[in-house]
Every structure is written in C-alpha cells, then in structure tokens.
Amino acid sequence: MRKLAVALSIAAGVSLLAIPGTAAAAPSNCKTEVFSYGGPEYGYVKCTGGSGGYRAVVWCHWDEDSAGHRYYGERNWVGSSGGSARQCPTSLPHAVRVSWET
C-alpha cells in the first residue's frame, strides 16, 4: 500500500509539472538607441509591448566600422514597463550595434 501511495504522489507531481502556465508574450514595439554623455557610448532598448522579459545586448568596439564585442544590459531582465541600457567600456567606446535578448 505504501508503494502505491508513493507512486500516486509521484504521478500527481509529474502531471502538475506538465500543465503549462500562462506564457509570456514576446517583447514587441522595441526601439534601440545609441547615445553618449561625452564618454563611451551607451546602447539602450525599450519595448512597449508584450509581457516577456528582455535585456539590452550591445556590441562595442574601438572602431565604428568593426563588428564589436558583445555586452549585456546592466539592468538585468526588464518587462515592458522598463528599459535596458549598457555602456561600452572605455577600451571599446563605440556602440556599433544594439539589440535585445529574451
């Protein structure tokens, strides 16, 4: 009887894990921007639609014509009520591309 109770408990737990929750809608209406306050440039992204989290991804390089190195948003995951930014390091001061990840 004890084995049956354990087996039923495990089965119930597994079936609860299999029930999907409410899925977050992917961020939408996203706008990116590059700006500077006199030092290394920042990459900024703001999404106004969807309910999923996102954060900025900025590619920085010393030369504006290069592919750049990837840096992730200083503010970790944000939703549609926030924006995410990342400043390039002094050694790679130009933001050559700005995007986001979900």
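## Aromatic cluster

Four aromatic pairs occur in the structure, where rings of Phe, Tyr and Trp (its six-membered ring) pair if their centres lie within 6.5 Å, with planes under 30 degrees apart counted as stacked, over 60 as edge-to-face and the rest as tilted. The ring centres of F35 and Y42 are 5.1 Å apart and the planes lie at 5 degrees, so this pair is stacked. F35 and Y44 have ring centres 6.5 Å apart and planes at 65 degrees, so they form an edge-to-face pair. Ring pairs join F35, Y37, Y42 and Y44 into a cluster.

F35 is partly exposed, at a relative accessible area of 22%, and Y44 is partly exposed at 25%; the term covers values between buried (under 20%) and exposed (over 50%), with a 1.4 Å probe and protein chains only.

## Basis of the model

This is a predicted model, in which local features need pLDDT of at least 70 and side-chain atom pairs count only at pLDDT 80 or more, while totals for chains, interfaces and linings use all residues. Residues are numbered from 1 along each chain as its sequence is written, and side-chain values use heavy atoms, leaving out hydrogens and water.

## Sheet and loop

Three strands form an open sheet in the order β1-β2-β5, with antiparallel pairing; strands are DSSP runs (E, at least two residues) numbered from the N terminus, and two strands pair if DSSP finds at least two bridges between them. The edge strands are β1 (28-35) and β5 (83-87). Seven bridges join β1 to β2 (residues 42-49), and F35 has Y42 as its bridge partner in β2.

E41 lies in the loop between β1 and β2.

Technical notes. Helices (H or I, at least four residues) and strands (E, at least two) are DSSP runs, numbered from the N terminus.
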